Each structure stands twice: as C-alpha cells, then as structure tokens.
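Please examine the sequence and the three-dimensional structure shown here. The paragraphs that follow lead from the ligand to the nonpolar core, and then to individual residues.

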Amino acid sequence: MIMDKTCIVTGASRGIGREIALTLAGEGMNVVINYVGNRDRAEETAVEVEKFGGRALVVKGDVASFKESEELIKSCVDNFGKIDILINNAGITRDALIMRMKEEDWDKVINTNLKGAFNCSRAAVRHMMKQKSGRIINIASVVGISGNSSQTNYAAAKAGIIGLTKALAKEVASRGILVNAIAPGYIETEMTEVLPEEVREKIRKNIPLGWLGQTKDIAEAVKFLSLKASYITGQVIVVDGGMTM
Ligand code: NAP
C-alpha cells in the first residue's frame with residue numbers, strides 16, 4: 001500500500017471515473033473526485049474512497065473551462081501538497097448524423113472531451129515537472145481509432161486525445177512523466193444504457209469475448225498504468241473485449 005500518493009480523477013461521480021477512483025483508493029491513494037453537476041453522487045464516491053483509508057476531496061469544476069481546471073489542479077496541490085496521477089476521464093456524448101448535428105453539440109463535446117484533457121494536463125504538468133515525476137492517463141475510446149456513425153464530434157475529440165497523449169508523452173518524458181491513453185470499447189455505464197436492447201445485442205455479437213465491458217475492466221488497466229508500468233509512455237491500450245482488433 002502506498003499511502004502518500006494522490007490522484008485526480010475527472011468525472012468521478014459515476015461510471016468509469018467512479019470505479020477508477022475506488023480502485024486507486026484501494027491501492028492506498030488519496031483521491032480528488034471531480035464532477036460537474038452531480039454533487040450527491042460525487043459525495044457518495046468520496047464516502048466509498050475513504051473506507052479504504054485514504055483521503056477524498058470532492059471538487060466541482062467544468063473541465064471545459066480553463067480557469068476551473070486550473071482551480072481543480074490547484075485544490076489538489078493545496079490539500080495534498082502534490083499531484084502524482086491525473087486521470088482525464090470526464091466525457092460526454094451528443095450524438096447526431098453530421099447533417100443534423102448542431103454547432104453547440106460539436107463545441108460541447110470537443111470542449112469537454114478534448115479541451116478538458118488539455119486544460120487539466122496543462123495545469124498538472126507544471127507541478128509534475130517540478131516533482132520530476134507523474135502519470136497522466138487519458139480515457140479515449142475505440143471510436144477515436146475506428147470512427148462511428150453519428151459521432152463525428154465524439155470521434156474527433158477521442159482521436160484528438162490520442163494525438164495529445166503522444167505529443168505530450170514526447171514533451172515530458174525527460175522529466176519522468178509518463179502519458180498514456182486507454183481506449184475503452186463498449187462499457188456498461190449511464191453513457192451507454194440509453195442504447196436500445198437490440199443495439200446492445202448487436203454490439204455484444206461483435207465482441208469476441210462475448211460480453212459487454214464493465215467499469216472494473218477499465219479501472220484495472222488504469223491501475224496498471226498508474227502504479228505498475230514504468231517503461232510505457234505515449235501508448236494507447238485498447239480495452240474492448242477484442243471488438244476492434
Ligand atoms: P458517464 O457515466 O456518463 O459519467 C460521466 C462523468 O463525467 C460524470 O462523472 C460527469 O459528472 C463527468 N462530467 C461530464 N462532463 C463534465 C465536465 N464538463 N466537467 C467535469 N466532469 C464532467 O460516462 P462513462 O461511461 O463513465 O465515461 C467516462 C469516460 O469514458 C468518458 O470520457 C467516455 O467518453 C469514456 N468512454 C466510455 C465508454 C463507455 O462505453 N461507457 C466507452 C469509451 C470511452 P456529473 O455526474 O457531475 O455529470
């Protein structure tokens with residue numbers, strides 16, 4: 001157990017982010033739990049995190065905002081003295097065929113999913129450089145690799161995150177900072193529960209392992225990159241049950 005490490009998980013009130021927060025807390029880490037609207041759910045995550053013995057700090061902040069992202073990172077450093085790991089997980093979808101996609105749906109998805117990762121990474125890297133250590137893990141998507149109809153905004157943001165990951169990994173490697181991405185396939189969360197059962201069944205048939213991914217599958221990959229891997233940087237690890245191989 002490493003009790004003196006601190007991580008920030010953006011979008012940790014529910015879904016994949018919540019599971020990452022709990023999994024890293026299980027390894028003895030202090031966790032900053034970011035959310036944008038669901039205070040109660042974020043507080044619930046904090047209660048669960050503290051059951052593992054580490055400290056939890058709940059911070060409201062819209063990652064699409066440069067200023068609020070800076071404040072999020074600052075609150076971590078102010079409270080815990082440092083930031084060891086940043087997980088850029090917060091994300092949204094606003095699906096539509098391109099002819100019907102509103103400008104605001106494009107902007108909102110790009111600003112949250114892509115600019116959010118830039119905002120938080122930029123603020124965190126300053127501290128990590130001084131520490132000469134750190135890990136940044138960006139939650140991308142297989143959609144950023146393969147594309148998906150009705151998700152031009154989301155696919156562009158996730159492909160952008162992959163580019164950001166590689167560029168930043170090269171930029172900060174000499175300072176002991178490792179930057180990687182995880183590209184989940186279909187994971188059962190509130191983001192995907194809106195899909196009709198027949199669509200889910202079709203997806204399931206296209207997954208060689210035969211089942212829909214769980215939040216734990218992503219959190220375990222994050223744990224590996226956060227705490228075990230020491231010679232991996234600039235990579236995208238696909239966690240999708242074999243769906244896109
Ligand atoms: P989710 O269940 O919808 O949860 C989204 C989380 O992001 C919530 O905690 C939400 O906070 C937070 N959030 C949304 N907008 C935010 C903002 N502007 N600033 C800060 N936090 C914000 O989603 P999920 O399925 O767990 O997805 C998590 C990540 O995995 C996303 O980046 C998503 O694109 C990616 N991903 C998911 C899947 C999948 O199949 N589920 C597949 C590939 C990639 P509130 O609760 O406060 O709204």
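**The ligand and its surroundings**

By class, the shell around the ligand consists of 14 nonpolar, 14 polar and four charged residues. In this division Ala, Val, Leu, Ile, Met, Phe, Trp, Tyr, Cys and Pro count as nonpolar, Asp, Glu, Lys and Arg as charged, and the others, Gly among them, as polar. The structure is a predicted model, in which local features need pLDDT of at least 70 and side-chain atom pairs count only at pLDDT 80 or more, while totals for chains, interfaces and linings use all residues. Residues are numbered from 1 along each chain as its sequence is written, and side-chain values use heavy atoms, with hydrogens and water left out.

Of the 32 residues around the ligand, Ser13, Arg14, Asn89, Tyr154 and Thr189 come nearest; a residue is counted as near when one of its heavy atoms lies within 4 Å of the molecule. The side chain of Ser13 places an N or O atom 2.6 Å from an oxygen atom of the ligand. A backbone N or O atom of Gly37 lies 2.7 Å from a ligand oxygen atom, and a polar backbone atom of Asn89 is 2.7 Å from an oxygen atom of the ligand. Taken alone, the ligand exposes 900 Å², of which the protein buries 94%; accessible areas come from the Shrake-Rupley method with a 1.4 Å probe, and for residues only the protein chains shown count as cover. The elements giving two or more residues to the shell around the ligand are helix 1 (15–26), strand 2 (30–35) and helix 6 (152–172). Helices (H or I, at least four residues) and strands (E, at least two) are DSSP runs, numbered from the N terminus.

**The nonpolar core**

In soluble globular proteins, nonpolar side chains tend to be buried together. Which residues of the largest nonpolar core touch the most other members? Of its 31 residues, they are Ile20, Ile33, Ile87 and Ile182. A nonpolar core is a set of buried Ala, Val, Leu, Ile, Met, Phe, Trp, Tyr and Cys residues joined through side-chain atoms within 4.5 Å. Buried means under 20% relative accessible area, exposed over 50%, and partly exposed in between (1.4 Å probe, protein chains only). Among the elements that each supply at least two residues of this core are strand 1 (6–9), helix 2 (39–50), strand 4 (85–88) and helix 8 (215–228). Helix 1 gives the most to this core, with six residues.

**Buried polar residues and cysteines**

Thr23 is found in helix 1 and counts as buried because its relative accessible area is 6%. The side chains of Thr23 and Lys216 are joined by a polar contact of 3.0 Å. Such a contact is a pair of N or O atoms within 3.5 Å; within protein, one must be able to donate a hydrogen and the other to accept it, and residues adjacent in sequence count only if both atoms are side-chain atoms. Asn34, in strand 2, is buried at a relative accessible area of 2%. The side chain of Asn34 reaches the backbone nitrogen of Gly11 at 3.1 Å.

A disulfide is a covalent bond between the sulfur atoms of two cysteines. Here it is taken as a pair of cysteine sulfur atoms within 2.5 Å, and by this rule the count comes to zero disulfides. Cys7 is in no disulfide, as the nearest cysteine sulfur, that of Cys76, is 8.1 Å away. Cys7 is buried at 0% relative accessibility, and Cys76 is buried with a relative accessible area of 0%.

Lys132 has a positive phi of about 60° although it is not a glycine. Lys132 is placed in the loop between helix 4 (103–131) and strand 5 (134–139), and counts as exposed because its relative accessibility is 60%. Ser150, likewise not a glycine, has a positive phi of about 75°. Ser150 is found in the loop between helix 5 (143–146) and helix 6 and is partly exposed, with a relative accessible area of 25%.

Ser141 is found in the loop between strand 5 and helix 5, where it is buried at a relative accessible area of 5%. The C-alpha atoms of Ser141 and Pro184, 43 residues apart along the chain, are separated by 5.0 Å.
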